[in-house]
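Could you read through these notes with the model open beside you? They are meant for someone meeting it for the first time.

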Amino acid sequence: MRGLQLVPYNTKIDFSGRRLWAYALALFIILGSFTALFTKGLNYGIDFKGGLLIEIRTPEKADIAGLRSTLNGLGLGEVKLQDFGTDRDVLIRIEQQPGGEKAQLVALQMVKSTLGDQVDYRRVETVGAKVSGDLIKNGVMAVLFAMAGMLIYIWIRFEWEYGVCGILAQAHDVIAVLGFYAISGFEFNETAFAALLTTLGYSINDTVVIYDRLREDLRKFKTTPVRELVNLSANSTLSRTVLTAGSTLLALFALYIFGGPVIENFSMPIIVGIIAGTFSSIFLSANLLLFFDLRKKKEEEPVPSGPISK
Amino acid sequence: MIHIPLWKRLVVLITVIFGVLFAAPTFMDEKTVETLPNWLQEQVNLGLDLQGGSHLLLEVDVQSALKDQAGFLADDARKSLRKARLKFSNMRVEDLTVRFKIDNLSDRQAIHKALARQDIETKFDEATSEFSMKFNEAEIEQKKKLLVQQSREIIERRINALGTREPNIQTQGTDRIIIQLPGVSDPGKVKDILGKTAKLTFQMVHNQYPTLNSTGGRVLPGTIAVPEDPSQVRGNREPITYLVKKQVLLTGESLSNAQPGFSENNAPVVTMRFDTLGARKFGEITKQYTHHQLAMILDGKVISAPNLNEPILGGNVQISGSFTVEETVNLSILLRAGSLPAPLNVLEERTVGPDLGADSVAAGENATVVAIVLVFVFMLVAYSLFGLFANIALAFNLVFLISALALTGSTLTLPGIAGIALTLGMAVDANVLILERIKEEIRGGTKLIQAIDAGYKRAMATIIDSNITTLIGGLALFFFGSGPVKGFGVTLCLGIVISMFTAITLTRILAVSWFKWAKPKTLPI
């Protein structure tokens with residue numbers, strides 16, 4: 001029995017011919033994301049904003065409106081409630097209290113004595129201003145270091161042009177995911193950086209596969225125009241690109257649907273990131289290389305000996 | 001013909017066997033695990049978000065301790081200058097720096113000499129004719145390190161005395177301490193016991209004017225006003241503010257033990273025992289000040305101020321205030337563990353109840369199982385028998401991942417479970433690359449067995465390059481992430497590394513063995 005050819009193998013899609021459309025779409029995504037980021041902004045969770053987060057389970061169906069008015073009466077500033085998982089679970093978010101870490105704990109005590117012993121405290125988190133600042137700094141550092149590391153690795157294994165184009169495509173993905181956070185209002189907390197880095201890791205993986213093939217084709221077909229080789233490499237790896245994206249997305253949808261509320265908030269942005277990353281790998285990273293003269297240096301090198309011979 | 005040497009097959013076989021062995025204990029209950037040999041008892045560590053518990057991030061208030069030390073530095077300077085009969089005025093401490101004015105400029109050299117110490121820097125400002133002195137950088141670093149280290153030790157002692165199950169206490173950065181308490185769903189008690197510096201001093205109450213009321217609110221020279229601890233005020237009376245002599249006669253450091261107990265009237269008390277030197281000193285004090293009132297001051301509050309009816313020579317002392325039993329238990333823990341060198345601030349607190357943890361584990365397991373089934377079916381549909389090989393590799397990927405987590409003592413968190421499911425989705429990538437390559441080779445007219453060989457060989461460089469770049473992202477998470485997110489980085493990195501082994505070596509052996517056995521005319525992919 002043969003496996004099904006899920007993606008046709010002899011595709012001749014003119015990826016490089018449509019590159020202007022791709023650039024326009026990428027630009028649209030980037031501008032849209034920035035607009036959302038600057039107008040709507042990110043919905044920072046307590047990891048980055050500081051404050052209190054309390055997840056409670058009430059004995060019966062939770063009366064969110066009632067709880068909201070009770071808790072708002074405490075004078076603790078902004079109090080947000082949200083049902084979380086089952087209809088007995090409520091997530092309460094209280095903004096950072098002025099007056100430092102001690103004030104947070106006082107606020108927590110107030111909430112606890114108001115809600116009484118009836119409710120089950122499933123999760124209680126308080127994050128002070130100092131920690132939230134550090135967490136944001138670490139997250140940004142992680143993304144920058146990862147990008148720099150990837151740039152250097154590709155530079156060493158390929159050429160610097162590949163590294164630069166790869167990172168530009170990455171930047172697109174990061175901005176797209178950030179834009180998704182802003183538009184959807186998904187809570188932006190420490191796991192968001194995990195989502196960003198997963199996107200980065202996945203997308204660069206995709207990009208490297210195409211670059212690898214392009215490099216091989218550049219050695220094999222010395223006279224074919226680079227533009228056609230870009231097409232060839234993207235087409236010949238297309239089946240792989242789609243299949244890997246498919247299996248990864250299957251796993252992510254399983255997480256999204258069955259993983260519970262915390263994982264749900266974490267897997268959706270990665271799904272968006274995988275889609276953005278797949279787009280940028282096929283349409284941006286290889287096409288961007290056309291801005292450079294890839295043959296210039298390659299010509300002088302001897303044909304590499306290796307298993308490639310036909 | 002491709003040939004895989006016997007030793008390679010054996011290595012893979014042994015790895016597989018050990019992988020299964022080390023993964024197995026994680027799925028057993030504790031009793032079964034105890035019957036296993038020692039080297040096989042490692043189970044995957046669950047993070048606090050999965051097993052329930054409290055995580056506290058504390059900051060050692062180094063600045064306030066350093067301020068105290070600068071104060072001592074000023075005292076020392078005052079003494080040395082007086083001893084050398086050098087005149088100065090307006091000595092004060094600002095920003096951890098001791099400053100004072102000198103009267104005679106000609107004293108400069110002598111002052112420099114009198115104050116010279118290895119651990120401090122002195123400076124003279126011509127314009128204001130002021131001296132300034134402070135600890136040098138190296139000394140401050142040294143002091144900070146010591147403060148955090150001491151704090152950690154004392155925290156450890158206090159928490160151990162509470163009897164919490166497997167607490168984990170670590171320092172983080174320069175001035176922070178992380179405390180993880182599995183199974184603790186209300187950290188209030190822990191915070192109470194860490195919130196106290198527990199600095200105990202013994203000072204005499206002013207004999208004639210014992211309270212602020214008796215002087216009409218005036219603080220007499222040589223004394224300070226110290227309020228009574230509010231917990232000691234029972235009933236309807238007003239709290240007392242004592243006038244206490246400045247001189248500290250003894251501190252809690254001279255204690256060798258402290259235990260909760262009951263007095264003759266069955267009231268809860270704390271029984272303290274002084275060390276040899278402390279006992280002798282205490283004996284002298286009680287002899288000298290018989291019939292005076294002795295204040296026991298804890299963190300700036302008087303917890304007890306008994307009359308000394310007779311000299312106490314044995315070194316055993318009872319503090320009998322109006323305590324509850326719980327208060328005596330806590331107080332003795334604090335006194336036994338010693339005082340913190342600096343106050344602690346709670347910067348971050350995260351508590352997960354045991355139910356939520358169990359729910360998260362269940363949801364994570366469900367999601368992972370569904371993810372695996374979907375990916376399995378997907379690979380079978382796409383690649384048939386070779387998809388099955390890839391799936392076998394994927395199953396072992398999971399097995400190895402679990403044994404790697406158990407063996408390295410890494411912590412599995414909720415995002416970590418997501419990382420596992422995600423890696424499984426991505427781990428098939430290597431096989432997809434290989435299989436697509438094999439297909440291409442066949443289409444290009446290569447013979448079957450050579451196509452398989454070429455597929456593995458040619459896809460290799462791509463697999464390594466693409467996986468290393470992904471690994472860079474995972475490592476960044478591991479190094480910069482905290483808690484749960486770090487756990488995600490761990491499973492992502494381990495998963496990638498393991499997939500390089502399972503997806504390449506394992507499937508290759510399967511594919512080649514099958515080929516030699518079936519001798520097919522076409523490849524079922």
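Predicted model: local features only at pLDDT ≥ 70, side-chain atom pairs only at ≥ 80, totals over all residues.

1. Residues are numbered from 1 along each chain as its sequence is written, and chains are lettered from A and ligands numbered from 1 in the order in which they are written.

2. Chain B has a radius of gyration of 35 Å, whereas a compact globule of 525 residues would have one near 24 Å; the radius is taken over C-alpha atoms, and the globule rule is 2.2 Å times the number of residues to the power 0.38. Along the principal axes, the C-alpha atoms of chain B fill a box of roughly 110 × 70 × 40 Å. Its secondary structure comes to 13 helices and 19 strands, where helices (H or I, at least four residues) and strands (E, at least two) are DSSP runs numbered from the N terminus.

3. One open sheet of chain B has 4 strands in the order β3-β4-β6-β5, with antiparallel pairing; two strands pair if DSSP finds at least two bridges between them. Because β3 (88–94) and β5 (120–125) of chain B stand at the edges with a single partner strand each, one side of each is left without a neighbour in the sheet. From one strand to the next the twist averages 20°, with axes fitted as lines to C-alpha atoms, for helices over the stretch in contact, and angles running from 0 to 180 degrees between N-to-C directions.

4. Within that sheet, β3(B) pairs with strand β4 (residues 97–102) of chain B in the antiparallel sense over 5 bridges, and V93(B) stands opposite V98(B) in β4(B). Helix α4 (residues 62–83) of chain B packs on the sheet and touches β3, β4 and β6 (130–135) of chain B, its direction making about 165° with that of β3(B). Helix α5 (residues 108–115) of chain B also packs on the sheet, touching β4, β5 and β6 of chain B, and its direction makes about 165° with that of β5(B).

5. Another open sheet of 4 strands in chain B has the order β12-β9-β15-β16, again with antiparallel pairing, and its edge strands are β12 (250–251) and β16 (301–304) of chain B, each pairing on one side only. Strand β15 (residues 294–298) of chain B is joined to β16(B) by 3 bridges, and M296(B) stands opposite S304(B) in β16(B).

6. Helix α10 (residues 354–408) and helix α11 (residues 414–443) of chain B pack at an angle of about 5°, their axes 7 Å apart. The two helices α10(B) and α11(B) are therefore roughly parallel to each other, a label for angles under 35 degrees, with over 145 counted as roughly antiparallel, 65 to 115 as roughly perpendicular and the rest as oblique.

7. How many residues of chain B are in contact with chain A? There are 66 residues of chain B in contact with 66 residues of chain A, contact meaning that the C-beta atoms, placed from the backbone, lie within 7 Å. On the side of chain B that touches chain A, α10(B) gives the most, with 18 residues. Strand β5 (residues 120–127) of chain A is joined to β18(B) by 5 bridges, and the two run antiparallel, with T126(A) opposite E349(B) in β18(B).

Definitions and conventions
Contact = placed C-beta atoms within 7 Å.
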